[in-house]
Amino acid sequence: MFIEQLYLKNFRNIESLQVDVEKSWILISGNNAQGKTNLLEALYLASTGQSFRKGLIADLIRENEQAGVVRCQIIKQNVRHQIEIKLSNAKRTIRVDDKPLRSLTKLLSLMNIVAFFPDDLMLVKGSPEGRRRFLDRCTLSFFPDSVDSFRSFRRSLKERNSILRKHQKQDTRLDKKLLRAFDEQLIKYGARIHQYRKDSLEYLKPHVEYFLRELGIIENDLEILLDPGVPIHDVKSFQNSYRKALGESFNIDRARGLTTIGPQRSDLSFALDGRAAKSFASQGQQRSLVLALKLAEVKVIEEKLGCAPLLLLDDVSSELDKQRTEYLFKCIKELGCQVWISTTGSVELQVPEENHHFRIEQGALKIG
């Protein structure tokens with residue numbers, strides 16, 4: 001997959017910007033708070049329909065403006081496509097090849113991205129939310145159809161929580177029949193999500209092991225364990241276990257006004273040669289594991305979809321030592337994907353001589 005043009009209008013601090021691309025390596029340099037990450041965020045938005053940052057759609061629009069535009073022209077498997085996202089204070093509209101987007105599945109299938117941001121280096125020892133977000137992003141890339149299960153699960157979870165909160169605050173009679181109906185929806189879509197996640201890990205693991213062995217981080221084995229967020233009573237049936245767990249947690253859920261059991265509480269853990277990475281791996285080993293996970297994500301997308309994804313690197317060289325930076329760029333060159341890199345220029349990057357170099361200052365792009 002190849003990005004050949006990116007156009008932004010009133011996006012974050014960028015008033016108007018167009019990047020025309022002919023090469024596979026694009027270097028965006030500049031001081032902090034100039035708009036480098038905003039440019040990568042726009043590419044992420046064009047691929048997923050959402051930002052990697054938390055916030056409202058209105059936050060994406062330049063201050064004092066009413067609307068913004070992100071337009072991306074790509075070539076995928078020799079076919080040219082255009083993705084356009086219009087932003088307003090109230091909504092986001094997406095068009096693909098000048099037609100309204102009916103489902104995010106098409107967008108996720110069309111433009112595949114692997115993004116590597118400094119916060120990702122906390123993946124191993126950080127919060128469960130970060131690990132879930134990583135795994136679910138992989139799942140949506142590997143299995144674009146899974147977006148419907150995720151959406152349906154979130155909708156049912158929101159409705160169930162709403163019933164519990166209403167009962168808690170207003171002390172009204174709890175509609176158990178309606179609650180059980182949403183329980184069954186959670187069980188149905190939660191089981192699908194659990195299976196998608198398990199399959200994603202099966203695809204990732206051999207590639208993660210390969211990259212870790214290349215770095216000399218493991219000698220024998222890597223374990224990636226998935227905590228499903230549900231106590232497993234029936235090893236043959238996730239649905240039966242989930243149904244029983246919801247019944248057992250009913251009184252706690254009612255008291256808290258919140259669903260405490262389910263895939264929304266899932267987590268990942270990693271072990272290197274039999275030792276828990278979160279507790280026993282050095283900071284360098286943990287960062288190497290994160291690198292291996294991201295590189296494995298690129299490999300699986302290429303294998304499953306027959307097309308290497310776009311790779312975004314946001315100032316990661318400032319967070320890695322020289323050895324890991326060298327290894328990262330060595331592996332990326334072998335992957336053969338288009339790479340967009342943001343940097344302050346404080347660290348020399350081992351990028352190919354054939355590259356585009358742009359500088360960004362106060363949201364404006366200049367030739368580097």
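Predicted model: local features only at pLDDT ≥ 70, side-chain atom pairs only at ≥ 80, totals over all residues.
Entry 1: I looked up how the strands are arranged and found an open sheet of 6 strands, with antiparallel pairing, in the order β2-β1-β4-β5-β6-β7. I then noted that β2 (14-20) and β7 (99-100) are the edge strands, since each of them pairs on one side only.

Entry 2: I followed strand β1 (residues 2-11) alongside strand β4 (residues 67-76), and found that the two run antiparallel and are joined by 7 bridges. As an example I picked Leu8, whose bridge partner in β4 is Val70. I also looked up what packs on the sheet, and found helix α1 (residues 36-48), which touches β1, β2, β4 and β5 (79-88) and whose direction makes about 110° with that of β1.

**Entry 3: the buried side of α6.** Which residues of helix α6 (residues 238-248) are buried? I listed Phe238, Ser241, Tyr242, Ala245 and Leu246. These residues lie on the same side of α6, because they cover an arc of only 130° around the axis.

**Entry 4: α5 against α6.** I looked up the axes of helix α5 (residues 176-214) and α6, which come within 9 Å and cross at roughly 135°. The two helices are therefore oblique to each other, and I recorded that α5 passes α6 in a right-handed crossing. On the α5 side I found that the contact is made by residues including Leu186, Ile187, Gly190 and His194, while on the α6 side Phe238, Gln239, Tyr242, Arg243 and Leu246 take part.

Definitions and conventions: Residues numbered from 1 in each chain as written. Heavy atoms only, no water. Pairing = 2+ DSSP bridges. Helix = DSSP H or I, 4+ residues; strand = E, 2+ residues; numbered from the N terminus. Contact = heavy atoms within 4.5 Å. Axes fitted to C-alpha atoms, helices over the stretch in contact; angles between N-to-C directions. Buried < 20%, exposed > 50% of the residue type's maximum accessible area, 1.4 Å probe, protein only. Arc of directions from axis to C-beta. Parallel < 35°, antiparallel > 145°, perpendicular 65-115°, else oblique. Left-handed = near helix turned anticlockwise from the far one by under 90°.
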